[in-house]
Amino acid sequence: MGVICVLPARLYSTRISRKLLQKLAGRTLLEWCWRAASAIRVFDDVVVATDSGEIEACARGFEAKVVRTRSDHVSGTDRVDEAADLLGAGEDDVVVNFQADEPFVDGGAIEGAVRRADEVATIAAPIGSEHEWRSSAVVKVARAADGRALYFSRSPIPFWRDESPEFGTHARLRHVGVYAYRRSALRRWAALPESTLERAERLEQLRALEAGMRIHVELGPWTEPGVDLPVDIERAERILSSRGE
């Protein structure tokens with residue numbers, strides 16, 4: 001079994017203009033994420049997948065491997081699926097979708113997800129504050145005792161009718177959008193049509209759940225959220241600068 005990490009990278013973003021090319025502490029957000037992925041020992045290969053000449057030039061500038069994909073993909077999963085074909089991934093290989101706006105992901109949790117990717121695995125971290133819990137930009141996940149994902153939502157789930165637990169525990173979980181797919185499962189996911197729940201929440205993982213696919217949720221420690229909103233840029237730059245990297 002091989003493990004291929006793909007960073008799907010498009011130039012334009014809804015909330016932050018040209019997000020992946022934003023400079024943070026002297027490096028682009030794309031480079032920070034590529035460096036984070038390259039430090040994870042379980043990966044045999046780390047590749048940027050893009051349809052943008054600017055993204056490709058940026059990635060090659062810090063010596064990343066790049067594959068050019070089509071421009072008509074509607075999701076990162078679709079782009080990763082094409083990249084897996086271009087890279088010659090075998091049916092039993094694990095392909096990791098590493099979001100190019102998540103520089104703070106816990107490497108140990110990703111390694112755990114790769115080990116548990118019988119079909120699809122992802123990761124979750126404790127929610128640390130009321131603001132995170134209430135924000136629609138933060139995706140929450142409800143998880144079964146055996147690790148299966150039960151549901152993902154932009155709303156606070158589960159609803160605590162009585163006394164609420166403390167933040168920072170595994171009672172309230174933030175979904176971290178990194179996926180480890182068995183190649184055959186990735187192919188199946190990418191072939192599925194958009195689903196009702198996916199359309200309602202604008203969360204593509206609900207497409208897989210509605211189709212009966214099993215998504216294992218690996219628990220990791222609390223980590224800084226990724227860069228999703230303009231306000232996140234200053235926070236991320238402050239953290240990356242403080243590391244002295």
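1. Pro158 sits in the loop between strand 9 (149–153) and strand 10; helices (H or I, at least four residues) and strands (E, at least two) are DSSP runs, numbered from the N terminus. The peptide bond from Ile157 to Pro158 is cis, and its omega is near -10 degrees.

2. This is a predicted model, in which local features need pLDDT of at least 70 and side-chain atom pairs count only at pLDDT 80 or more, while totals for chains, interfaces and linings use all residues. Residues are numbered from 1 along each chain as its sequence is written, and side-chain values use heavy atoms, with hydrogens and water left out.

3. Arg18 belongs to the loop between strand 1 and strand 2 (23–24). Its phi is near 50 degrees, a positive value in a residue other than glycine. Arg18 is partly exposed, with a relative accessible area of 29%; buried means under 20% relative accessible area, exposed over 50%, and partly exposed in between (1.4 Å probe, protein chains only).

4. Ala25, in the loop between strand 2 and strand 3 (27–28), has a positive phi of about 50 degrees although it is not a glycine. Ala25 is partly exposed, at 23% relative accessibility.

5. In helix 4 (residues 107–115), the buried residues are Ala109, Ile110, Glu111, Gly112, Ala113 and Val114. Their cover includes strand 1, strand 6 (94–97), strand 7 (120–126), strand 10 and strand 11 (215–219).

6. The largest nonpolar core has 47 residues. Such a core is a set of buried Ala, Val, Leu, Ile, Met, Phe, Trp, Tyr and Cys residues joined through side-chain atoms within 4.5 Å. Helix 1 (residues 29–38) gives the largest share of this core, six residues. Among those with the most contacts inside the core are Leu7, Phe43 and Val48. Not counting residues up to four places away in sequence, Val48 touches residues including Leu30, Trp34 and Ile55; contact means heavy atoms within 4.5 Å.

7. The largest pocket holds about 1600 Å³ of space. A pocket is an open set of points on a 1 Å grid over the protein atoms alone, where a 1.4 Å probe fits, with protein on both sides within 12 Å along at least five of seven lines; lining residues have an atom within 4 Å of a point. The volume is the space filled by probe spheres set on the points. This pocket is lined by 49 residues, of which Arg15, Gln99, Asp101, Arg154 and Asp228 lie nearest its centre. Strand 10 gives the largest share of the lining, four residues.
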